[in-house]
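Please examine the structure shown below.

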Amino acid sequence: MATMFLSTLTPKFYVALTGTSSLISGLILIFEWWYFRKYGTSFIEQVSLNHISPWIGGGDTNGDTNNISTNANTTSTNQQPVPECKVWRNPLNLFRGAEYQRFYWATNKEPLTYYDMNLSAQDHQTFFTCEGDCGKGEYEIMQTAWRERNPVARIKAAHEALEKNPDCAPAYILLAEEEATTILEAEKILKQALRAAEMNYRKSQQVQHQGSIMESLHRRDTNVLIYIKRRLAMCARKLGKLKEAVKMFRDLTKEVPPIMNVLNIHENLIETLLEMQAYADVQAVLAKYDDISLPKSATICYTAALLKARVVADKFSPDIASKRGLTTAEMTAVEAIHRAVEFNPHVPKYLLEMKPLILPPEHVLKRGDSEAIAYAFFHLPHWKQVEGALNLLHCTWEGTFRMLPYPLERGHLFYPYPTCTECADRELLPAFHEVSVYPKKELPFFILFTAGLCSFTALLALLTHQYPEPMGVVAKAMLGWVSLPFHYLLDKLEAILPSNLLQQLSRI
């Protein structure tokens, strides 16, 4: 019966069959490729692992729970804890009006994502508002202004707050950040904000012990004052007043309020000292902050590598080093570079100008592409100032990956590389930037499979359309070969089973 069915099929049927198969597999391929580019994983693989496999495999949930509880102690001792992907405020973030907005005017590209700006709005609400603001019109206006998405409405709200109270320091901060179109204008507004903030700080300091509300007011005024001083120091750095900036950053690093843990002002101090080429002072700062008990950053690790590379970089030659081996100082520099690359493997491509730089975001993900961009944007000139430093980096940085063949499973000097950095960086960085991914992901199996299936069926459809008769013969021969085992089984059954039983089966 199968032979009769195959003999009735025409070449047009084969063309339609292969063409439809090619179209469907092509659509699946396009969707899989889009999903992989957007989310970094295969849609089919994700559905299979998360939904189909548990449904097919089933499993005893109670047994699994008991097993987990029984082995809890063993798991906790064997597995190395992996830190979550926490987003940090960029210590060297730019001014929106004087820098980000000018970039938008020049390129018509948005340098900041909505997710990044929303994080900044949450930071500003945390730093510059408190429960003691209830009933104060100007501060209530500013609470709404920080949440406002439209920059024009934010600026308008800040002016309204200043009309109600000319000493509203948070309103000056918003205008300096977003309305000022040059660093000089921002500095001028911040100086007005500083006078208002110092006056408010002195007032709240005298009454801070008169209840929790007064204490929160004083904490808010302290945050405002420190933030303004930091931004004024950054203005001085951008305007070339380096000694003034260093003095202000040094004074700020002596402060102890909780906001200091968020601002990481020591990174501003390191960058300014590097611009002054005060390497001994940089080393003194690193000695305090490059401690095993303190969180690391690309600035800490790569600055330590730069200082060690500076000792040997001007005389380093890869040809000579390969013949005589590395000296003790060169080995120390190479180990420092490997340490920095292990912490953030995205940085070298930006320092070596193998990838284009963009404006850094307002928040960064440590060990991620966003942190690499923020570091390279400000520190690339410092690497260029040290003769031979980039050459040494170019010759040695890839050696890190030979020590870390499985970076997601185990680390060498740091925790294993986090798996969540790509997704977080895609939220922080603008769409026109190609996010750097580490470790480099290979194309999923299902993309390769659908690509092969689409190409094969498209080729079959083309050949069937061009050569219908020969391809029909080939298709029938292929189907005959496929059905051959079944014919063999039927013949065996006919030889073994009685004829009357076969007749009854055929009737059925």
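The questions and answers below refer to this predicted model.

Q: How many cavities of 30 Å³ or more does the count give, and about how much space lies in the largest cavity?
A: The count of cavities of 30 Å³ or more comes to four. In the largest cavity, the space is about 140 Å³.

Q: Which element gives the most residues to the lining of the largest cavity?
A: The lining of the largest cavity consists of 16 residues, and those closest to the centre are Pro91, Glu267, Thr299, Val364 and Glu371. At least two lining residues come from each of β1 (87-89), α17 (298-312) and α21 (369-385). With four residues, the element that gives the most is α21.

Q: How many residues in the lining of the largest cavity are charged?
A: By class, seven lining residues are nonpolar and five are polar. The charged residues in this lining number four.

Q: Is Glu362 buried or exposed?
A: Glu362 forms a salt bridge with Arg96, at an N to O distance of 2.8 Å. The two partners are 266 residues apart, with Glu362 in the loop between α20 (347-351) and β2 (363-365) and Arg96 in helix α6 (residues 96-107). The relative accessible area of Glu362 is 3%, and the cut-off for a buried residue is under 20%. Glu362 is therefore buried.

Q: Which residues are linked with Arg96 in a network of salt bridges?
A: Arg96 has a relative accessible area of 12% and is therefore buried. The search of the whole structure finds 17 salt bridges. The residues linked with Arg96 in a network are Arg154, Glu178 and Glu362.

Q: How far apart are the closest N and O atoms in the salt bridge of Glu271 with Arg237?
A: Glu271 lies in helix α15 (residues 265-275) and Arg237 in helix α12 (residues 212-238), 34 residues apart in the chain. Both Glu271 and Arg237 are buried. Their closest N and O atoms are separated by 2.9 Å.

Q: What is the relative accessible area of Glu275?
A: The side chain of Glu275 meets that of Arg237 in a salt bridge of 3.6 Å, N to O. This pair joins helix α15 to helix α12, across 38 residues of the chain. Glu275 is partly exposed, and its relative accessible area is 27%.

Conventions
Residues are numbered from 1 along each chain as its sequence is written. This is a predicted model: local features need pLDDT of at least 70, side-chain atom pairs count only at pLDDT 80 or more; totals for chains, interfaces and linings use all residues. Side-chain values use heavy atoms; hydrogens and water are left out. On a 1 Å grid over the protein atoms alone, a cavity is a set of points where a 1.4 Å probe fits but cannot get out, and a pocket is an open set with protein on both sides within 12 Å along at least five of seven lines; lining residues have an atom within 4 Å of a point. Grid points are joined across faces, edges and corners, and a volume is the space filled by probe spheres set on the points. Ala, Val, Leu, Ile, Met, Phe, Trp, Tyr, Cys and Pro count as nonpolar, Asp, Glu, Lys and Arg as charged, and the others, Gly among them, as polar. A salt bridge is a side-chain nitrogen of Lys or Arg within 4 Å of a carboxyl oxygen of Asp or Glu. Buried means under 20% relative accessible area, exposed over 50%, partly exposed in between (1.4 Å probe, protein chains only).
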